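My notes follow, in the order I looked things up.

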Amino acid sequence: MMAATVVSRMRMGTRRAPVPWLPLSLVAVAAAVAAEQQVPLVLWSSDRDLWSPVADTHEGHITSDMQLSTYLDPALELGPRNVLLFLQDKLSIEDFTAYGGVFGNKQDSAFSNLENALDLAPSSLVLPAVDWYAISTLTTYLQEKLGASPLHVDLATLKELKLNASLPALLLIRLPYTASSGLMAPREVLTGNDEVIGQVLSTLKSEDVPYTAALTAVRPRVARDVPMVAGGLGRQLLQTQVASPTIHPPVSYNDTAPRILFWAQNFSVAYRDEWKDLTSLTFGVENLNLTGSFWNDSFAMLSLTYEPLFDATVTFKFILASRFYPVSARYWFTMERLEIHSNGSVVHFNVSQVTGPSIYSFHCEYVSSLSKKGNLLVTNVPSLWQMTLHDFQIQAFNVTGEQFSYASDCAGFFSPGIWMGLLTTLFMLFIFTYGLHMILSLKTMDRFDDHKGPTITLTQIV
C-alpha cells in the first residue's frame with residue numbers, strides 16, 4: 001500500500017496522457033528531452049509540520065531553484081540541524097515506477113526502506129520534478145544555510161561520528177547507479193542503495209539523533225540510459241543496437257573526497273614541433289602520477305607528470321584560485337596559469353580567460369596555444385612548447401562526486417554568424433530608411449496652367 005502511495009506522489013506532475021494521433025516514438029523522444037532537465041527530490045524529517053502541502057504540483061510542474069528554496073528554508077531554520085543528503089548518480093521518476101511495487105507488491109519494491117521512512121516520518125515532501133540547475137547547487141546552498149562544510153561519510157565513519165542536536169552537520173552519502181545491460185542490474189543497484197538508506201537511518205535512530213534527510217541525484221537518468229530487455233518498451237522490429245563511443249572518466253584528484261576534475265576529448269602537446277597525444281596516457285589511467293597536486297577552499301593545483309616524454313620527465317601544473325568579489329556577491333575561480341616543468345626549466349602560460357563562478361565548472365571547445373585554435377594559452381616569451389586541449393573541462397571548487405557541475409562556457413554570445421546577421425540587417429535598414437526619406441522628400445506642383453485664364457509666364461532669370 002505504501003509503495004503505491006510513494007509512486008503516486010512521485011508521479012504527480014509528470015503523468016501525462018499522450019496525444020492519440022502522435023506516434024509513440026515521438027512521445028518517447030519528447031518525454032526523454034523533458035526528463036533530461038529535471039530530477040526528483042524526496043525530503044523527510046523527524047520533526048513535525050516542516051512542510052505544508054504543495055499546492056502547485058500540477059501536471060508537468062517543474063520546481064525552480066527559487067521555489068525549492070522556499071521549501072527548504074523552513075526545514076533548515078526550524079527543523080533539525082543534522083541534514084543527510086543521499087546523492088545518487090542518476091535518478092528519475094521512471095525508477096520509482098518500474099521498481100517501486102506500484103500495485104501493492106511491497107516484496108517486489110526496490111525502495112522498501114525509503115517507503116517505510118516516508119510512512120513513519122512526521123514530515124515529508126516529494127517533489128517529482130526539480131530543475132537540474134537547482135539540484136546542482138543544492139550542496140552549496142545547504143552548506144551556506146547550515147554554516148557547515150559537507151562531510152562525505154559511509155556506514156563505517158557514520159558509526160564513529162558523535163552528532164550533536166544543537167550543532168549543524170551536513171552529511172553527504174553517495175549512492176551509485178549503474179546502467180548495466182543485465183536484466184536485474186538496475187533493480188539490484190537500487191535495492192542496494194535502499195539498504196544503505198535503511199542502515200543509515202537505523203544508526204541515527206539508535207542514537208536518537210533528530211535529522212532532516214533528502215534523496216536526489218547528481219544528474220537525471222533519461223530513457224536511453226535504460227537497457228533494452230526482452231520485449232522492452234518501444235522495441236521495434238529489426239532494430240540494431242548502435243555501439244556508443246567509449247568516453248573515459250575525468251581525471252580526479254582526491255584527498256578525503258574528489259576535489260579537482262579535469263577532462264578533455266584530446267590532450268596533445270608539442271616540443272620543437274614534435275606532437276604527442278597524451279589522451280590515452282591521461283584519462284582512464286589508474287596509475288596516473290598526480291604527485292604535487294593539492295587543494296583547499298581558495299587555491300588548487302592539479303599536477304600531471306609523464307615519464308618519459310620527449311626523453312625527459314615532464315610535469316603539467318594547472319593552477320587555479322577562488323576569490324570573493326563583492327560586486328557580484330559570489331565566489332569566482334580563475335586559472336591563473338599553466339606551467340610546464342621539464343629538465344629544470346619552467347614555461348608559463350597565461351590562461352586568465354579560463355574563469356567562471358566557483359560553483360560551476362569551465363568548458364571550452366579549444367584551449368590552445370595555436371592562433372587558429374583561439375590562442376587562449378599565451379606566453380610572455382617565445383616558447384618551444386605548444387599545447388592543445390580539445391573539448392576542455394575543469395572544476396576545482398565545489399566538486400560533488402566525480403561529476404562536473406553546470407559548465408560556464410568560453411563561447412561568446414555574439415558568434416560570427418550573429419554579427420553577420422546584425423550587420424546585414426542594419427545595412428538593409430539603412431537602405432530602407434534612405435529610400436523612405438527620398439520618397440517623403442518628393443514635392444508636387446502647387447501651380448497649374450488654366451486654359452480659360454491667362455497663361456503662366458515664367459520669367460527667365462539671367
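I began with contacts (heavy atoms within 4.5 Å). In the protein chain, 69% of those between residues at least 6 apart in sequence join residues at least 24 apart.

A reminder to myself on the source: this is a predicted model, where local features need pLDDT of at least 70, side-chain atom pairs count only at pLDDT 80 or more, and totals for chains, interfaces and linings use all residues. Residues are numbered from 1 along each chain as its sequence is written, and side-chain values use heavy atoms, with hydrogens and water left out.

**Overall.** I found 11 helices and 19 strands in the protein chain; these are DSSP runs numbered from the N terminus, with helices being H or I of at least four residues and strands E of at least two. Of the 462 residues, 41% count as buried. I used under 20% relative accessible area for buried, over 50% for exposed and partly exposed in between (1.4 Å probe, protein chains only). The chain exposes about 26700 Å², and carbon and sulfur atoms supply 58% of that area, by the Shrake-Rupley method with a 1.4 Å probe; for residues, only the protein chains shown count as cover.

**Cores.** Next I looked up nonpolar cores (sets of buried Ala, Val, Leu, Ile, Met, Phe, Trp, Tyr and Cys residues joined through side-chain atoms within 4.5 Å). The largest has 55 residues, and Trp44, Leu68, Leu84, Phe86, Leu114 and Leu215 have the most contacts inside it. Strand β2 (residues 82–91) gives the most to this core, with six residues. I then picked Leu114, which touches Val42, Trp44, Phe96, Asp194 and Leu215, residues up to four places away in sequence not counted. A second, separate core holds 43 residues, including Ile394 and Phe397.

**Gln395.** I wondered which strand holds Gln395. It sits in β18 (residues 385–395) and is buried, at a relative accessible area of 1%. Beyond four places in sequence, its contacts include Arg259, Ile359, Tyr360 and Phe404. Arg259 is 136 residues away in sequence, yet 8.3 Å away C-alpha to C-alpha. A polar atom of the Gln395 side chain lies 3.1 Å from the backbone oxygen of Phe397, and one lies 3.2 Å from that of Asn398.

**Surface.** Last, Leu429 is in helix α11 (residues 416–440) and is partly exposed, at 46% relative accessible area. I noted that Leu423, Leu426, Leu429, Phe432, Leu436 and Leu440 make a nonpolar surface patch of about 650 Å². Such patches take residues with over 30% relative accessible area and no salt bridge, nonpolar side chains being joined within 5 Å; a salt bridge puts a side-chain nitrogen of Lys or Arg within 4 Å of a carboxyl oxygen of Asp or Glu.

Note on methods: A polar contact is a pair of N or O atoms within 3.5 Å; within protein, one must be able to donate a hydrogen and the other to accept it, and residues adjacent in sequence count only if both atoms are side-chain atoms. Patches are made of residues with over 30% relative accessible area and no salt bridge: like charges are joined within 9 Å, nonpolar side chains (Val, Leu, Ile, Met, Phe, Trp, Tyr) within 5 Å.
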